[in-house]
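Let's take a walk through this structure together, moving from the overall layout to the way its parts pack and then to a few single residues. Please have your viewer ready.

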Amino acid sequence: MNTIEHLVNEPASNVADVIYTDVHDREKHLNVIQSIADELHRPMHEIAGMYEQILKDLRTQASIDDYLPVLVSKRVKEAYRHH
């Protein structure tokens with residue numbers, strides 16, 4: 001079982017319960033997190049923490065949730081470029 005499959009089948013954390021609208025939304029974001037982790041050569045859990053915090057912040061402001069993966073991904077990558 002790969003990392004994404006393991007995390008999708010794992011119960012969501014308390015933070016995840018708040019930021020993901022359903023199982024499909026969670027899976028979509030986990031795939032984006034895995035993609036960012038691969039691109040930046042960082043552990044998935046490291047990317048997930050930052051990604052979920054940014055997602056939590058942006059979700060309260062978003063009028064269209066479809067754009068959240070792109071916006072969050074961009075902010076995470078920018079943060080790592082400035083590290």
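Predicted model: local features only at pLDDT ≥ 70, side-chain atom pairs only at ≥ 80, totals over all residues.

The protein chain has five helices and zero strands, so the pattern read along the sequence is simply α-α-α-α-α. Of the 83 residues in the protein chain, 36% are buried. If you take the contacts with a separation of 6 or more, 47% of them are between residues 24 or more positions apart.

Now for the packing of the helices. Two packed helices are described by the angle between their axes and the distance between the axes.

Begin with helix α3, residues 23-40, and its partner α4. The two axes come within 9 Å and cross at roughly 130°, which makes α3 oblique to α4. The crossing in which α3 passes α4 is right-handed. On the α3 side, the contact is made by D25, H29, L30, V32, I33, Q34, I36, A37 and L40, and on the α4 side these meet M44, I47, A48, Y51, L55 and R59. By class, the residues of this contact divide into 11 nonpolar, two polar and two charged.

Move on to α4 and helix α5, where α5 covers residues 68-81. Here the axes come within 9 Å and cross at roughly 130°, and α4 and α5 are therefore oblique to each other. Their crossing is right-handed. From α4, the residues in the contact are E46, I47, M50, Y51, I54, L55, L58 and R59. From α5, they are L68, P69, L71, V72, S73, R75, V76, A79 and Y80. The contact of α4 with α5 holds 13 nonpolar residues, one polar and three charged.

The remaining pair is α3 with α5. What angle do the axes of α3 and α5 make where they cross? They cross at roughly 25° and come within 11 Å, so α3 is roughly parallel to α5. The reasoning rests on a cut-off: angles under 35 degrees count as roughly parallel. Once again you will find a right-handed crossing as α3 passes α5. The contact is built from K28, H29, V32, I36, E39 and L40 of α3 together with L68, P69, S73, V76, K77 and Y80 of α5. Sorted by class, this contact has seven nonpolar, two polar and three charged residues.

L68 is found in helix α5. Is L68 buried or exposed? At 1% relative accessibility, L68 counts as buried, because the cut-off for buried is under 20%. Leaving out residues up to four places away in sequence, L68 touches H29, L55, L58, R59 and A62. One of these, H29, is 39 residues from L68 along the chain, and their C-alpha atoms are separated by 9.0 Å.

Next comes Q34, which is found in helix α3. Its relative accessible area is 18%, so Q34 is buried. The side chain of Q34 is joined to that of D38 by a polar contact of 2.8 Å.

Follow the chain to the loop between α3 and α4, where H41 is found. With a relative accessible area of 69%, H41 is exposed. Phi of H41, however, is near 55°, a positive value in a residue other than glycine.

Our last stop is E46, which lies in helix α4, residues 44-59. E46 has a relative accessible area of 25%, so this residue is partly exposed. A polar contact of 2.8 Å joins the side chains of E46 and R42.

Technical notes
Residues numbered from 1 in each chain as written. Heavy atoms only, no water. Helix = DSSP H or I, 4+ residues; strand = E, 2+ residues; numbered from the N terminus. Buried < 20%, exposed > 50% of the residue type's maximum accessible area, 1.4 Å probe, protein only. Polar contact = N/O pair within 3.5 Å; in protein donor to acceptor, adjacent residues only side chain to side chain. Axes fitted to C-alpha atoms, helices over the stretch in contact; angles between N-to-C directions. Parallel < 35°, antiparallel > 145°, perpendicular 65-115°, else oblique. Left-handed = near helix turned anticlockwise from the far one by under 90°. Contact = heavy atoms within 4.5 Å. Nonpolar A, V, L, I, M, F, W, Y, C, P; charged D, E, K, R; others polar.
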